[in-house]
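Please keep the sequence and the model in view while reading.

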Amino acid sequence: MFLTRRAVARFTRFCSTSTRFCSSAENTSTKTMDYLEDFPPGPLDHYRKQASFDWKKLKLFTEDEKLVEFKFKLWKALENDPLFHHPIETPSLDEQRHLATKRMYKLKAMKPVALEDILEDPRLPMVLFSSLFQYEPSTAIKFSLTFDFFTNAIRGMGTAKHYHFLEAAEEGSLGGAFALTEIAHGTNVRGMRTVVKYDSQNKEFVINTPDFEGAKCWVGNLGKTCSHIVLYAQLITPDGHNHGLHSFVVPIRDTKTLLPFPGIIVGDLGEKAGLNGVDNGFIMFKNYRIPRDNLLNKNGDVTEDGKYVTPFKDPNKRFGASLGSLSGGRVGICGLCVAYFVKAITIAVRYSGVRRQFGPSGSEEYPVIEYELQQWRLFPYLAAAYALQNFSLWFQGVYGTFVLKGAMGEKSDEQADLGIEIHGISSSAKPLCGWAARDAIQECREACGGHGYLKLSALGDLRNGNDANCTYEGENNVLVQQTSNWLLQVWAQWKQQKVVPKSPLGSISFLVHADQILQYHFSASTVEEISSVPHLLKAYQWLVCYLLTLTEKKVASLRASGRDAFTAKNQSQVFYARSLSVVYIEHFVLAKMYEKATTGGQPAGQAEVLLKCCQLYGLWSLEKHLGTLYQGGYARGPEPGELIRQGVLDLCAKLKPEAVALADALAPPDFILNSVLGKADGKLYENFQAALFRNPDTFARPSWWKDVIFSKEALSKL
């Protein structure tokens, strides 16, 4: 990243004046409020009038006025451009890819975020990404891979001699991709088998793929469109020494013809469950040569005569520094999951406020939102959407500032401690958000009945798109092990020295009181007491400490029985380390939501409804861990379980008059939501009919109609 003196001054000013990343929007500008249009009269008015708060003020408070204005400006620009209009019929695979590519370049021409903007607010790149995801995910991915991921990798691992690649990418004269994963290796990056050997006689690197299992795969943009990749491969010097994974800029196609160069086999992975506007591909190399200068040499280099040099004495630290450029992916995916989550819960809640089914004999049918079962199915996810959105926006701000400080040369101990904690949080937050969005989308789909299965509902596309969030940047069940490994290291240090490592973000600060926390027991005797957020946080802190103790003992027991360290860790995941990572991040998300809900200066109704959402999210999440609470002796007898479950139902009932307005405050505009079931006007059946009648295929005779006639005639003669 290139920072001018003026840019550094602006960023320093931001850091000193903007310590709260999700600030209050009390002084709401008229300009921003203009973007939040009043909803037209309709069937949802009955519930909107019951709300105790102003949905516009809540939106600006929870998302930040600057970010709301930025998103709505972007979305309005897309809506006003015919290229970004949603197709009526599903395009073919080739058409989806063509459309995503054209949109990507048009977005680049719009210049939605400049460096100066990022220096004013480091959240903007990820907010841009998640906003584009809410519009159409394939376009967002193509844009990000080409103009962010590829170039950021070069910035993070390259030096001044690689600037020309950045300039070419910025100008659009080359298209980039990022090649790490292989057919047979994903999360285990140390096991990658693509090899790059240095030829000191010709001053070139020679790339080879041993077999199909070593082919780079799942590379977005690689299947059809990119001309260059950042390649991760094992670096071998002329002395035969393997120096581990390094990164290289590799031209793979002619920029004028898009035809691959000799020595390369590159192809497309074909149609996927979703995200089909992205051309994911695979690539293999046979004695393919690139210049010596194409090694991204910030963390390791090869001299002209073939000697390896690095500023790191410890190879593990060099390896970690090289992979540091990937760390933002998990933070970003949290925002993507929230983007999907918000759309799904908006659709389902609005639909539930209009769809009528059953009712007392002789009376009108009730909207399904009136039924306790529907409330129990949806409202905890509505509360979770607020908790996870709040956490994600906060985390994006933290990470963005961390990256910018690093770009300016910050190397303090605090920066190092912050990096460690960000890694621990992101490795569990990404799985939590991915799983929560997965479950929410499926529940919303089912809660909308058969209509939810139509493509017109948009819920199927959300489900297919979010599925990838549970896999890339680390498959969730594997990724959470990064968090539990870190927590166990912290726990061991505390037991030995009674000192908790520094926690700049406060996610593990409570462990200093672990001895007292482990003595806690369930003390609530009423639903009101159990619903108290401090009480819920107390229970969660006990869960973290208890599972730390339990996991440590499990590992020690396995080692004592003769298991090696790898096997002991492997056999301590289910019910132990995995659960530890989950309760750790749920506790932190709840704590951040409680901070937000209790921020001073809010209108009374707004503060109260946010607190109810916080309570419901906490109780609903804690209820899933009842078995562990009883196992460890924190809870005894039937009362704790009964109170927690009754608390969930009571809070669902209290949120019923607020639910539609809460969904409104989360919702993007109709153009972005793109769902017949969730339009803001609530005219469900009118919108449904209009969508069906608008599609030319609805009433068309099939092109193969003669096959039906001929088949009938043939059968009649049998």
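In which loop does N287 lie? N287 is found in the loop between β8 (281-285) and β9 (288-291), where strands (E, at least two residues) and helices (H or I, at least four residues) are DSSP runs numbered from the N terminus. The model is a predicted one, in which local features need pLDDT of at least 70 and side-chain atom pairs count only at pLDDT 80 or more, while totals for chains, interfaces and linings use all residues. Residues are numbered from 1 along each chain as its sequence is written, and side-chain values use heavy atoms, with hydrogens and water left out.

N287 has a positive phi of about 50° although it is not a glycine. Most residues other than glycine have a negative phi. L258, also not a glycine, has a positive phi of about 60°. L258 is placed in the loop between β6 (242-251) and β7 (264-268). With a relative accessible area of 37%, L258 is partly exposed; buried means under 20% relative accessible area, exposed over 50%, and partly exposed in between, with a 1.4 Å probe and protein chains only.

The next element is helix α6 (residues 93-110), which has 18 residues. From its first C-alpha to its last, α6 reaches 26 Å, close to the 26 Å expected at 1.5 Å a residue; the expected span is 1.5 Å times one less than the number of residues in the helix. The buried residues of α6 are R97, L99, A100, T101, R103, M104 and L107. An α-helix has 3.6 residues a turn, so residues three or four places apart point the same way. The cover over the buried residues of α6 includes α5 (65-79), α8, α9 (137-157) and β7, contact being heavy atoms within 4.5 Å. K111 follows α6 and has a positive phi, near 50°.

Helix α8 (residues 124-135) holds S131. S131 counts as buried because its relative accessibility is 1%. Leaving aside neighbours within four places in sequence, S131 is in contact with K71, L74 and W75. S131 and N287 are 156 residues apart in sequence, and their C-alpha atoms are 42 Å apart in space.

Of the 27 residues of α12, 27 are buried. How is its packing with another helix to be described? Two packed helices are described by the angle between their axes and the distance between the axes. The crossing of α12 and α25 is left-handed, a term for a near helix turned anticlockwise from the far one by less than a right angle. In this contact, V342, I345, T346, V349 and R350 of α12 meet A659, V660, A663, D664 and L666 of α25.

Helix α14 (residues 413-447) contains S427. The helix has 35 residues and reaches 50 Å from its first C-alpha to its last, close to the 51 Å expected at 1.5 Å a residue. S427 is buried, with a relative accessible area of 0%. Not counting residues up to four places away in sequence, S427 touches R330, L479, V480, Q482 and T483. Just after α14, G449 takes a positive phi of about 60°. Another serine, S484, is found in helix α16 (residues 476-497). S484 is buried, with a relative accessible area of 0%, and touches Q573, A577, L580 and S581, not counting residues up to four places away in sequence.

The nonpolar cores complete the picture. A nonpolar core is a set of buried Ala, Val, Leu, Ile, Met, Phe, Trp, Tyr and Cys residues joined through side-chain atoms within 4.5 Å. The largest has 155 residues, and L511 and Y617 have the most contacts inside it. Helix α13 (residues 372-407) gives the most to this core, with 17 residues. Apart from this core lies another, of 25 residues, among them A179, Y198, V266 and F285.
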